Amino acid sequence: FLEEDQWVILQPLDERGGFAFELAAPATKLVLIAPNLLLIKDMNISKDTELVIDLQQEVFFALSGVLRNENGQAIPNGQVRMFTADKMGSASVFCDEQGRFRAFSNVPIQALTVNNGFMDLRKEGPWDRDTEIILQPEK
């Protein structure tokens with residue numbers, strides 16, 4: 001949850017994704033970051049608000065693609081970060097053994113970055129619909 005740069009980190013209480021938290025002050029934005037997922041919603045959240053978020057009811061788009069080195073070879077297990085234009089949200093997605101990644105968001109993504117010690121790469125969007133992307137540095 002975000003209100004004037006104050007974050008509340010939540011840990012699930014059960015296998016169904018239930019959680020509990022307490023806010024010091026009301027919040028106006030929900031930011032949910034989970035593996036391969038970024039959800040941002042404007043909403044009024046007070047001390048007594050009960051939230052029910054059904055991810056199956058949310059509208060997401062998929063960013064998927066492959067991470068490659070300058071020679072075009074896939075980079076397995078790489079990490080790709082995605083950022084919103086207003087920098088209100090960012091999330092990481094990890095590539096599989098073939099360098100492929102897939103992430104979901106309900107807000108436009110402005111940039112994808114890779115910073116892993118031997119590669120520093122940034123690709124600008126924006127993306128707001130299902131998109132296939134190749135992340136590869138130029139030779």
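Colleague: Which residue in β9 is the bridge partner of F83?

Modeller: In this predicted model, F83 is partnered by A111 in β9. That bridge belongs to the pairing of strand β6, residues 79-83, with strand β9, residues 109-115, where 3 bridges join the two strands and they run antiparallel.

Colleague: What order do the strands take in that open sheet?

Modeller: The order is β7-β6-β9-β10, so the sheet has 4 strands, and the pairing is antiparallel. The edges are held by β7, residues 90-94, and β10, residues 120-127; each has a single partner strand, so one side of each is left without a neighbour in the sheet. From one strand to the next, the twist averages 20°.

Colleague: Changing topic to β8, which strands does it pair with, and in what sense?

Modeller: With β4 it pairs in the parallel sense over 2 bridges, whereas β5 and β8 pair in the antiparallel sense over 6 bridges. As a reminder of the background, strands of a sheet pair through backbone hydrogen bonds, and they can do so either parallel or antiparallel. If you want residues to look at, L38 has S105 in β8 as its bridge partner, and S64 has R102 in β8.

Colleague: You mentioned S64; is S64 buried or exposed?

Modeller: S64, which lies in strand β5, is buried, because its relative accessible area is 8% and the cut-off for buried is under 20%. Its side chain makes a polar contact with the side chain of E132 at 3.0 Å. Leaving aside residues up to four places away in sequence, S64 touches F101, R102, T131, E132 and I133.

Colleague: Now the charges. How many salt bridges are there in the whole structure?

Modeller: A search of the whole structure finds 5 salt bridges. One of them joins D42 to K29, with the closest N and O atoms 2.4 Å apart. That pair links distant parts of the chain, since D42 is in strand β4 (residues 37-45) and K29 is in strand β3 (residues 27-34), 13 residues apart.

Colleague: Are those two buried or exposed?

Modeller: D42 is exposed, with a relative accessible area of 63%, but K29 is buried, at 16%.

Colleague: What does K41 form a salt bridge with?

Modeller: K41 forms a salt bridge with E58, and the closest N and O atoms are 2.8 Å apart. Here too the pair links distant parts of the chain, with K41 in strand β4 and E58 in the loop between β4 and β5, 17 residues apart. K41 counts as partly exposed, at 24% relative accessibility.

Colleague: Where does R129 come into this, and how exposed is R129?

Modeller: The side chains of R129 and D128 meet in a salt bridge, at 3.6 Å from N to O. R129 counts as exposed, at 57% relative accessibility, while D128, at 43%, counts as partly exposed.

Technical notes:
Residues are numbered from 1 along each chain as its sequence is written. This is a predicted model: local features need pLDDT of at least 70, side-chain atom pairs count only at pLDDT 80 or more; totals for chains, interfaces and linings use all residues. Side-chain values use heavy atoms; hydrogens and water are left out. Two strands pair if DSSP finds at least two bridges between them. Axes are lines fitted to C-alpha atoms, for helices over the stretch in contact, and angles run from 0 to 180 degrees between N-to-C directions. A salt bridge is a side-chain nitrogen of Lys or Arg within 4 Å of a carboxyl oxygen of Asp or Glu. Buried means under 20% relative accessible area, exposed over 50%, partly exposed in between (1.4 Å probe, protein chains only). A polar contact is a pair of N or O atoms within 3.5 Å; within protein, one must be able to donate a hydrogen and the other to accept it, and residues adjacent in sequence count only if both atoms are side-chain atoms. Contact means heavy atoms within 4.5 Å.
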